[in-house]
Amino acid sequence: MPIEIKELHIKINVNEGSKPASPAKAKSKDEDAVAECVAQVMKIIERKKER
């Protein structure tokens, strides 16, 4: 069964002049963002099942 995403919210914070993050920190942040997205999708799926 396909899942249709009707809304997508993207929030980006840009700090000019700041130093780039080290690769280890960037990977951790990416993993955190992916984990958060997966959690939100799972919540949406659970809400749809309740209906």
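What percentage of the 51 residues in the chain do buried residues make up? In this predicted model, buried residues account for 0% of the chain. The secondary structure consists of one helix and zero strands.

**Nonpolar surface patch**

- A nonpolar patch on the surface is formed by I3, I5, L8, I10, I12 and V14.
- Together, these residues have about 740 Å² of accessible area.
- Two members of the patch, I5 and L8, are described individually below.

- I5 is located in the segment before α1.
- I5 counts as exposed because its relative accessibility is 64%, over the 50% cut-off.
- Between I5 and V41, which are 36 residues apart along the chain, the C-alpha separation is 9.3 Å.
- L8 likewise belongs to the segment before α1, a helix that spans 23–50.
- With a relative accessibility of 67%, L8 also counts as exposed.

**Largest pocket**

- The volume of the largest pocket is about 760 Å³.
- This pocket is lined by 21 residues, of which E7, L8, H9, Q40 and I44 are the closest to its centre.
- Classified by residue type, the lining comprises ten nonpolar, three polar and eight charged residues.

**Salt bridge**

- Side chains of opposite charge can pair when their charged atoms come close.
- The whole structure contains one salt bridge according to the search.
- The partners are K49 and E46, whose closest N and O atoms are 3.9 Å apart, a distance within the 4 Å limit for a salt bridge.
- K49 and E46 are separated by about one helical turn because they are three residues apart in helix α1.
- K49 counts as exposed, since its relative accessibility is 62%.
- E46 has a relative accessibility of 40% and so counts as partly exposed, a class that lies between the buried limit of 20% and the exposed limit of 50%.

Conventions:
Residues are numbered from 1 along each chain as its sequence is written. This is a predicted model: local features need pLDDT of at least 70, side-chain atom pairs count only at pLDDT 80 or more; totals for chains, interfaces and linings use all residues. Side-chain values use heavy atoms; hydrogens and water are left out. Helices (H or I, at least four residues) and strands (E, at least two) are DSSP runs, numbered from the N terminus. Buried means under 20% relative accessible area, exposed over 50%, partly exposed in between (1.4 Å probe, protein chains only). Patches are made of residues with over 30% relative accessible area and no salt bridge: like charges are joined within 9 Å, nonpolar side chains (Val, Leu, Ile, Met, Phe, Trp, Tyr) within 5 Å. Accessible areas come from the Shrake-Rupley method with a 1.4 Å probe; for residues, only the protein chains shown count as cover. A salt bridge is a side-chain nitrogen of Lys or Arg within 4 Å of a carboxyl oxygen of Asp or Glu. On a 1 Å grid over the protein atoms alone, a cavity is a set of points where a 1.4 Å probe fits but cannot get out, and a pocket is an open set with protein on both sides within 12 Å along at least five of seven lines; lining residues have an atom within 4 Å of a point. Grid points are joined across faces, edges and corners, and a volume is the space filled by probe spheres set on the points. Ala, Val, Leu, Ile, Met, Phe, Trp, Tyr, Cys and Pro count as nonpolar, Asp, Glu, Lys and Arg as charged, and the others, Gly among them, as polar.
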